[in-house]
Amino acid sequence: MTVKTLGISTSPRIQGNSDLLLREALAGAESTGAHVEYIHLSDYNIAPCIECNACYTTGTCTIQDDFQKLLTKILDADRLIFATPIFFMNVCAQAKMFIDRSQCLWAYKYVLKKQVITPERDRRAMVIAIGGSKSKKQFESIRLTMKSYFDVLDINYSFNLFINNVDDLGEIHKHPSALKEAFRLGKELITIKSPPPQKPVNVELT
Ligand SMILES: Cc1cc2nc3c(=O)[nH]c(=O)nc-3n(C[C@H](O)[C@H](O)[C@H](O)COP(=O)(O)O)c2cc1C
């Protein structure tokens, strides 16, 4: 069975560091025979959640934009690779706006008590996050945000690739191992045979 792998690049920078890492991770996944799809979030029109709470009764979002199209792809995927630059210690605004729109899934699951994904599906996710500063504390807020997002998506949080101290556009090309690690983890996300981990495997590079 072909493993459907979706990569979401949330950086506003074209060919930004997180974007380049995501492309490598997808190349790693593709090298195993997985079907990969790359999405650059800035190409889509996504409005922020307005907390109208209509989803508490319907389980769907009333805002009509590109979110619905992307949600279908996310729910259909067997593997998800989510890449973000670190902005003010967390995911970037574009990523956060997109994540917040999943409140309708949260309502579907926890308010309406309906099943988002059938339990027999093996869905796994990986996060790529990169910051320019020397701080590693910021990885903690990424972990918290992405854990609550993946819980709502019913997808196992399997891997983190966190990198700091890389700032300039395309600077990741000069890093001795980051692109190789992205490729390796993208591959492993597909080929891994062990049961989904309780906590994500962390790879942190400076
Ligand atoms: C608005 C803004 C906020 C930022 N905040 C942080 C931060 O809190 N921590 C950090 O390490 N880097 C921060 N940076 C630097 C970026 O994370 C860094 O340049 C990164 O390599 C960008 O990734 P990209 O090329 O994938 O967009 C910030 C950059 C901007 C523009």
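An oxygen atom of the ligand sits 2.6 Å from an N or O atom in the side chain of Asp-167. That makes a polar contact (a pair of N or O atoms within 3.5 Å; within protein, one must be able to donate a hydrogen and the other to accept it, and residues adjacent in sequence count only if both atoms are side-chain atoms). Keep in mind that this is a predicted model, where local features need pLDDT of at least 70, side-chain atom pairs count only at pLDDT 80 or more, and totals for chains, interfaces and linings use all residues. Residues are numbered from 1 along each chain as its sequence is written, and side-chain values use heavy atoms, with hydrogens and water left out.

| Residue | Part of the residue | Distance to a ligand oxygen |
|---|---|---|
| Asp-167 | side-chain N or O atom | 2.6 Å |
| Arg-13 | polar side-chain atom | 2.9 Å |
| Ile-130 | backbone N or O atom | 3.4 Å |

Now for Ser-11. Ser-11 is in the loop between β1 and α1 (17-30); helices (H or I, at least four residues) and strands (E, at least two) are DSSP runs, numbered from the N terminus. With a relative accessible area of 4%, Ser-11 is buried; buried means under 20% relative accessible area, exposed over 50%, and partly exposed in between (1.4 Å probe, protein chains only). A polar atom of the Ser-11 side chain lies 2.9 Å from the backbone nitrogen of Arg-13. Beyond its neighbours within four places in sequence, Ser-11 is in contact (heavy atoms within 4.5 Å) with Ser-18, His-40, Ser-42, Ala-83 and Pro-85.

Next, strand β5. Seven of the seven residues of β5 are buried, so the strand is largely enclosed by the rest of the structure. Arg-124, Met-126, Ile-128 and Ile-130 point one way, while Ala-125, Val-127 and Ala-129 point the other. β5 runs parallel to β3, joined by seven bridges, and also parallel to β6, again through seven bridges; strands pair if DSSP finds at least two bridges between them. Ile-128 is the bridge partner of Ala-83 and stands opposite Leu-161 in β6. From β5 the chain passes through α6 to β6 in a right-handed β-α-β crossover, meaning that, with the strands pointing away from the viewer, the path from the first strand over the helix to the second runs clockwise.

What about the inside? Setting aside neighbours within four places in sequence, Phe-98 touches residues including Ile-8, Phe-82 and Tyr-149.

Finally, Lys-180 lies in helix α7 (residues 178-191) and, at 64% relative accessibility, counts as exposed.
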